[in-house]
Structures are given as structure tokens and as C-alpha cells.
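I opened the model today to look up a few local details and to keep a record of them. These are my notes, in the order in which I looked.

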Amino acid sequence: MNENNKSLIIIGGGPAGYVGAIRAAQLGAEVTIIEKEEVGGTCLNVGCIPTKVLTSAAHTYSTLKSADRWGLKVNGMELNFPQLMKRKQMVVNRLVTGVKSLLKTRGVNLIKGTAAFLNEKQIEVKTNDGNIQKLEADNFLIATGSVPIMLPIPGIESEGVIDSTGALSLSAIPKSMLIIGGGVIGCEFAHIYHAFGTQVTIVEMLPQIIPGEDEEIVAGLRNSMEKSGIKIFTGSKVSRIVPAKDGKKIVTISSSEGENNIEAEKVLVSVGRKANTKDMGLEKLGIKMNRGTILVDDHLRTNLPHIYSAGDCIGNWLLAHVASMEAEIAVENALGEDKKMDYHAVPSCIFTHPEIGSVGLNERQAKEKGIEVKTGKFPMMACGRAQAENEPEGFVKVVVEKTTGKILGGQILGHRATDLIAELTLAIQMGAKTSDIINTIHAHPTLSEPTREAVLKAEGRPIHMM
């Protein structure tokens, strides 16, 4: 327990803020959270959780449509979209209630409002009910998250042009949707709405969708998406959006090959997010920033020693699970510990179909660092469980240091890849070698077996492939 009985104010109640609050309370601090909307932030309310409800429904719907492959006959199946949206909100409400209960049980004071610094030790809070409070604390944690980026495209303010929040609150399934941005969010929504019957087009400015991911993994995903009927334009950008009849939009796509016009009922702008640090008085305090992103050291401390920051607003990894870990480290340091944030084994999960899970270095990144590596790949189609579940797409790929056998990275394309990546994440975190995976018995028949098989392949001794 923290014997100093310090006070801590956390601005923002998302995955960084509320997790940091619980950890600080465990250490004996007096904790207050300032949150203008609902606890859980973007992730729980309009991001990770609600999209996964829709992703799950989309996968189930697609599976039922192909039920005849198992000898099952499904009659009268239809999508009740309003009911699905009700379930989405029910799941969100249940989890928000759970977080509030955790905070209350830990004695965390939750204030609904917005905060701005008056000086290094004091903030002003404008509560949602119209009151103004001035609060002081020994330490602060800024965890205000991020907001969607909107591009300066002519016509982008038109009705029917939405962001990811809007895509989660539609009243009906659109017949067509053009998605600007082929990153994680764009590809996830593409799979969701395509499964529900929407004609989907993705426009990505860079040469590949999901930039930064392993090229082989992305190529496999793109092949699957295009085979299902999703249209993808890479190396292209949207130059204008013009209203058309019946509320539709004419979207002009420009590339080195010229222009192309596509008609769409909805246009989803999904080109990334930026730090949410506006109007907080940070510049007045002299907190060092870079284009709105708060700069911190490896202890998550700003240049002011009693002010810490974590999550999307520091711009390292815009992932909820990273934000939570950063917040834990930040508040532990604020309350007297000395811990550094470690980013060398960060799992990334993309909930497309098939899914993508990745961690550590991919092959290109390792070679760019001058590391001599060997790789191993094992196809999901050779996995008995994947075949039994009619999920044969994808593969597991591991990146191994050639001289030592140390596992440097792993990428998985396939069913439940976002769960399966945990084994390789732990392996990289612990500095495991290929022998550690090989000597671990993997249950049969399961989707975990391809991981061991990929490692065996890297060592030149595969069992279930040539």
C-alpha cells in the first residue's frame, strides 16, 4: 500500500483512465476521475466492444448462410438489424455498469465533466450539470484518448458521410458503402457490412491495406476480401464527394491511372485518429507536445514530474490494451515506484474475417534492423480443427533469429487469430526460443497446433507438411 496517502486526479475515464484509477486505488491513493461522457471511453462505448458485437453477428450470419456444408438446413433466416443494435447497446451498458461498480467499490470519485489546468497543481472542472469546481492533487494522469481524423475533402460534410461512431448507430443496413481508409477500422467495418449485404468499396491511399502489417498476411486478407466481393482500391485517394439523387453520393477516386466515379449510399471516413488534447491548458503549463500529442519518457512522465500521461493521447500505440498497461505503469510511478514501459511484445488484433493477430517484428522489420532471420509458415488448411470448422483460410508465420533461435515475431491470419496470438506474445515477452514452443505439448485437435508447426517449419523439421 502507498503509505504517503497521495492524491491523484485522472482526466479521462477510458481504458487508460479507469484502469489507472483502479490500480492507484489499490495502492492506497485518493483518486478522482474526470470524464465528460461514459466511463470506458471510445473503446467500450463506440469502438472495440460495440464493433465486436457486430463482428460476432456478421460471422454468425455468414456461417448460417453456409450451414448446408455441415448438412444443416436453415429456413427463414433474416437479419433483424434494429434488434442487433439493441443487443449492441445492451452489451455496452452492461460493461459500463460493471466499470462504474469497480470504481465505486475501490472508492474512486467519478465526476462527469471537462477539465482544464489552471496551474501545475490545480484544474478547473466544468461539470455536465453546469457547475464549476476547482480541484487540486499531488499527481495527475492525462488519459484523454483520441478523436477521428477528418480529411479536407470537398463534400465531406455532406449528409450520409459518417465516421466510425456513425457506422455504429445506423438505423438500417445501407445498400452500398464506400470506406475512405483501408486501415484496421476500415477493414473491420468492411467485413461487418459486407456480411450484412452491403456492397462495400475500400479506398486506401497507400500501396497496401492495413499499412505496417506483414505483406504476406495482408496479401492473404486482401485476396479473401476481394474473393468475397469487396472492392479495394490502393494507391488511390478520394478527391471529392458530390450529392446525387435519392440521397446517394458520387465519390471521385483519383490514382495514377486517372479518375473513377463510384456511387454509394454511405461514405465512411476511417483514416485514423489523433490525440484529444485540445482546450486543456497544456500549452500554458509548458507541457512538451508534438502536433497535439503529449510527449512522455519511458516512465510515462511528462516534462513536469508530477504530471503523467497514457493512452492514445501520447500517440505510441493506439490500442486499448496498451493504454491500460501504460496507465498502470504511470500511476505506479506517480505513487513511488520505478517502472519502465516495455513495448517489445505488443499484440495487435484485427477482427476481419479471417482475423489477423500479430506481435513483435515481422520479416521486413527484422531485416531492416540488420537481423539475420529465418521464418516458418504453416497453412490453416492443414489443421484438422480449422477444416472441421470450415475455416481453412490463412496461416501462421513466425520470425526467428537465425543464430540463437529466439522468437522475434509472429503473425497469424485465420480463424481466432486474435486469441491465438497470445502464445507468441508470451513467448516474445519471456525471450523464448523455438525449442520452448516445440517442447510444449499443444492439444489436439485445436487451432493452437499451427503455431507449433510453424516453429517446426522454421527449424526445418515440419511434421504435417513437406
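**Entry 1, ground rules.** I am working with a predicted model, in which local features need pLDDT of at least 70 and side-chain atom pairs count only at pLDDT 80 or more, while totals for chains, interfaces and linings use all residues. I number residues from 1 along each chain as its sequence is written, and side-chain values use heavy atoms, with hydrogens and water left out.

I counted 14 helices and 24 strands, taking both as DSSP runs numbered from the N terminus (helices H or I, at least four residues; strands E, at least two). The C-alpha trace spans about 65 × 65 × 45 Å along its principal axes. Of the 466 residues, 50% count as buried, where buried means under 20% relative accessible area, exposed over 50% and partly exposed in between, with a 1.4 Å probe and protein chains only. Among contacts (heavy atoms within 4.5 Å) with a separation of 6 or more, 62% come from residues 24 or more positions apart.

**Entry 3, the sheet.** I then traced an open sheet of three strands in the order β12-β13-β14, with antiparallel pairing; two strands pair if DSSP finds at least two bridges between them. The edge strands, each pairing on one side only, are β12 and β14 (258-264). Seven bridges join β12 to β13, and β13 (residues 249-255) pairs with β14 over seven bridges as well. A hairpin is formed by β12 and β13 with five residues between them, and D246 in the turn has a positive phi of about 60°.

Which residues does S239 contact, leaving aside its neighbours within four places in sequence? I find I153, P154, T252, S254 and E259. S239 lies in strand β12 (residues 236-243) and is partly exposed, because its relative accessibility is 24%. Its side chain is joined to that of S254 by a polar contact of 3.1 Å, that is, a pair of N or O atoms within 3.5 Å, where within protein one must be able to donate a hydrogen and the other to accept it, and residues adjacent in sequence count only if both atoms are side-chain atoms. S254 in β13 is the bridge partner of K237, and the bridge partner of S254 in β14 is E259.

I searched the whole structure for disulfides (cysteine sulfur atoms within 2.5 Å) and found zero. C187 is in no disulfide, and the nearest cysteine sulfur, that of C349, is 15 Å away. C187 is buried at a relative accessible area of 0%, and C43 is buried at 16%.

Is T418 buried or exposed? T418, in helix α12 (residues 417-429), is buried, with a relative accessible area of 11%. Not counting residues up to four places away in sequence, T418 touches C349, I350, F351, E355 and I356. With E355 I also noted a side-chain to side-chain polar contact of 2.8 Å.
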